[in-house]
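I am opening a notebook on this structure. The entries below record what I looked up, in the order I looked.

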Amino acid sequence: MRRGRSRERRVAAQSAVEQLPFGQVRNPYAPMKAISDDQVEAIHHASLRVLRDHGMEFQLPRAVEIMRKAGASVGEDGKRIRFDPAFVEEKLATVPSRFTLHGRSSHRDLEFGGDTAIWGTVGSAPHVSDRERGRLSGNFEDYKNLVRLSQALNAVHTLAGYPVEPTDLEVRTRHLHAVSAAVRLTDKPQFGYAIGGPRMADAVEIVRIARGVSREEMTRQPSIHTVVNSNSPLIYDGGLLEGAIVMAELNQPVIYTPFTLAGAMAPVSVAGALVLQNAEALAGIAFSQCVNPGAPTVYGSFTSNVDMKSGSPAFGTPEYAKATIASGQLARRYNFPWRSSSATASNAADAQAAYEAQMSLWPVVLGHAHFINHGFGWLEGGLCASYEKFILDAEMVQMMQAFLKPLDTDEDELGLDAIEEVGPGGHFFGCAHTMARYETAFYRPMLSDWRNFENWRDSGAVETSDRATKIWKQLLADYEAPPLDPAIDEELDDFVARRVAEGGVPER
């Protein structure tokens with residue numbers, strides 16, 4: 001493990017791109033509150049009323065039967081599940097408060113829960129863009145390049161979906177090529193789509209082969225995660241439930257994330273949207289515990305608002321920030337690991353993209369999110385993955401990660417010798433205290449340009465997006481694939497070839 005980390009430092013030092021080393025990030029600050037403890041309880045009890053009086057529609061007969069056998073009440077339509085509050089509380093009690101998500105290399109392992117903060121990539125964008133080519137349909141080559149970029153950027157901890165959808169691959173076998181490429185191109189933890197049981201099972205098997213572990217070890221060492229979004233209001237899709245069952249049975253983490261946009265798929269008030277989010281998340285989490293008590297499960301939040309004039313989703317808003325911090329309070333009430341997001345509605349990697357992403361980042365950090373999804377590359381409300389935004393986000397996330405390092409107040413850091421050496425009216429540039437810390441005193445930016453105006457102008461006056469283009473190209477030019485045992489590589493080829501020959505997954 002130490003060898004892997006020292007190599008990260010060497011790569012960062014040799015590259016023209018300034019990076020912090022890869023590693024687990026911990027949040028040393030007390031979590032912020034957006035609402036009082038009494039208000040948290042009011043949302044909790046309102047959510048239980050929704051689940052008791054209205055229930056959730058589960059659009060998969062097998063899921064309904066699992067819930068029936070566990071003691072839930074099933075409506076006459078065979079889909080609507082109504083939850084007694086005591087039933088919900090019983091199921092929530094078996095959710096682990098933390099777990100470890102394993103990478104292909106052990107130094108990539110990530111702890112979910114407690115004081116940790118994990119950043120994942122953008123996922124599921126149908127389009128991709130850069131400043132030179134413009135906006136394109138998602139394709140396999142850009143998919144692989146964005147995975148390479150995810151490996152090269154130390155601020156990225158894990159994939160959080162296909163960074164861009166490789167739409168030029170045939171749908172039934174797309175996941176086989178995409179996931180097998182991902183496990184070769186990055187040794188960080190993986191993601192699979194819970195779109196039906198066979199697709200999810202294939203993804204789990206590919207990750208298992210890549211890690212070189214047995215099926216029994218895989219169930220003890222979660223190594224792939226997925227997200228199950230509810231169809232707000234109050235529906236869980238059958239295909240996603242199939243995937244969730246596979247994951248829970250194999251003891252792999254499922255993140256239940258309602259997509260509750262206030263004014264559209266949820267009540268227009270932020271409090272009302274939080275009630276619906278909480279009800280839907282609790283229903284999904286309880287379901288996973290019915291499948292396999294103790295299976296790792298994550299509380300997901302994605303409550304924002306829409307533009308009431310156009311109906312378009314809005315992100316990085318004050319409402320999003322308040323809902324995010326309140327979501328963290330709800331997750332802590334249940335002692336669940338918590339997932340949030342960094343998002344923007346901007347259509348370009350511009351100032352709007354930066355300030356909306358920053359408005360998303362602060363509440364996830366101050367609210368103590370354990371996993372920040374869509375942390376790199378997200379544009380257009382998730383419809384586009386941008387190379388330049390990847391770099392812009394990496395800079396902002398690195399700054400947040402530096403912000404999370406505890407302040408050192410040891411005797412030597414108090415600087416009394418430096419103050420004595422400099423005395424009144426001097427400067428600290430050349431004193432011993434400064435020179436001893438010259439290279440490490442402050443965060444060194446990857447993207448920012450701190451030269452004065454004249455030097456910046458005379459060097460060509462390159463603006464932020466142009467610098468981002470240069471950086472992602474440099475990272476891809478310097479990219480080295482993480483080593484993979486030839487026998488494992490061959491086993492991956494054999495598995496993918498067999499499943500492709502079998503036709504992949506059934507059409508839905």
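**Entry: Met200**

I began with Met200, which lies in helix α7. The model is a predicted one, and I read each value as computed from it. Is Met200 buried or exposed? Met200 counts as buried because its relative accessibility is 0%, and the cut-off for buried is under 20%.

I then listed what touches Met200, leaving aside neighbours within four places in sequence. The contacts are Gly192, Tyr193, Ala194, Ile224, Thr226, Gly243, Val246 and Met247. I also looked up a distance to Ser386, which is 186 residues from Met200 along the chain. The C-alpha atoms of Met200 and Ser386 are separated by 27 Å.

**Entry: α7 and α9**

Next I took the helix itself. Helix α7 covers residues 197-211, and helix α9 covers residues 238-249. Their axes come within 7 Å and cross at roughly 35°. I noted the crossing of α7 past α9 as right-handed.

Which residues of α7 meet α9? On the α7 side I found Gly197, Pro198, Met200, Ala201 and Val204. On the α9 side they meet Glu242, Gly243, Val246 and Met247. Sorted by class, the contact of α7 with α9 has six nonpolar, two polar and one charged residues. Met200 is one of the α7 residues here, and Gly243, Val246 and Met247 are among its own contacts.

**Entry: α2 and α10**

Helix α2 (residues 37-53) packs against α10 at an angle of about 60°, with the axes 8 Å apart. α2 also passes α10 in a right-handed crossing.

From α2, I wrote down Ile43, His44, Ala46, Ser47, Val50 and Leu51. In α10 they meet Leu274, Val275, Asn278, Ala279, Leu282 and Ala283. The class count for the contact of α2 with α10 is nine nonpolar, three polar and no charged residues.

**Entry: the nonpolar core**

How many residues does the largest nonpolar core have? I read 142 residues, and those with the most contacts inside the core are Phe58, Phe83, Trp119 and Phe287. Helix α10 (residues 270-291) gives the largest share of this core, twelve residues. In soluble globular proteins in general, nonpolar side chains tend to be buried together.

**Entry: Ile66**

I checked Ile66, which is found in helix α3 (residues 61-70). Ile66 counts as buried because its relative accessibility is 18%. Not counting residues up to four places away in sequence, Ile66 touches Ile245, Phe287, Cys290 and Val291. Phe287 was already in my notes as one of the core residues with the most contacts. Ile66 and Leu149 are 83 residues apart in sequence, and their C-alpha atoms are 41 Å apart in space.

**Entry: cysteines**

Cys290, touched by Ile66, sent me to the cysteines. Cys290 is buried, with a relative accessible area of 15%. Cys384 is also buried, with a relative accessible area of 0%. How many disulfides are there? The count comes to zero disulfides.

**Entry: Gly103**

I moved on to loops. Gly103 sits in the loop between β5 (99-101) and β6 (110-112). With residues up to four places away in sequence not counted, Gly103 touches Arg108, Asp109, Asp187, Lys188, Pro189 and Arg211. Leu159 is 56 residues from Gly103 along the chain, and their C-alpha atoms are separated by 11 Å.

**Entry: backbone geometry**

Last, I looked at the backbone. The peptide bond from Ser232 to Pro233 is cis, with omega near 5°. Pro233 is found in the loop between β11 (224-228) and β12 (235-236).

I then noted positive phi values. Ser124 is not a glycine, yet it has a positive phi of about 75°. Ser124 is placed in the loop between β7 (116-119) and β8 (127-130). Ser124 is partly exposed, with a relative accessible area of 36%.

Glu380 is not a glycine either, and its phi is positive at about 55°. I found Glu380 in the loop between β20 (378-379) and β21 (384-386). Glu380 counts as buried, at 14% relative accessibility, whereas Ser124 is partly exposed.

Technical notes:
Residues are numbered from 1 along each chain as its sequence is written. This is a predicted model: local features need pLDDT of at least 70, side-chain atom pairs count only at pLDDT 80 or more; totals for chains, interfaces and linings use all residues. Side-chain values use heavy atoms; hydrogens and water are left out. A nonpolar core is a set of buried Ala, Val, Leu, Ile, Met, Phe, Trp, Tyr and Cys residues joined through side-chain atoms within 4.5 Å. Buried means under 20% relative accessible area, exposed over 50%, partly exposed in between (1.4 Å probe, protein chains only). Helices (H or I, at least four residues) and strands (E, at least two) are DSSP runs, numbered from the N terminus. Axes are lines fitted to C-alpha atoms, for helices over the stretch in contact, and angles run from 0 to 180 degrees between N-to-C directions. A crossing is left-handed if the near helix is turned anticlockwise from the far one by less than a right angle, and right-handed if clockwise. Contact means heavy atoms within 4.5 Å. Ala, Val, Leu, Ile, Met, Phe, Trp, Tyr, Cys and Pro count as nonpolar, Asp, Glu, Lys and Arg as charged, and the others, Gly among them, as polar. A disulfide is a pair of cysteine sulfur atoms within 2.5 Å.
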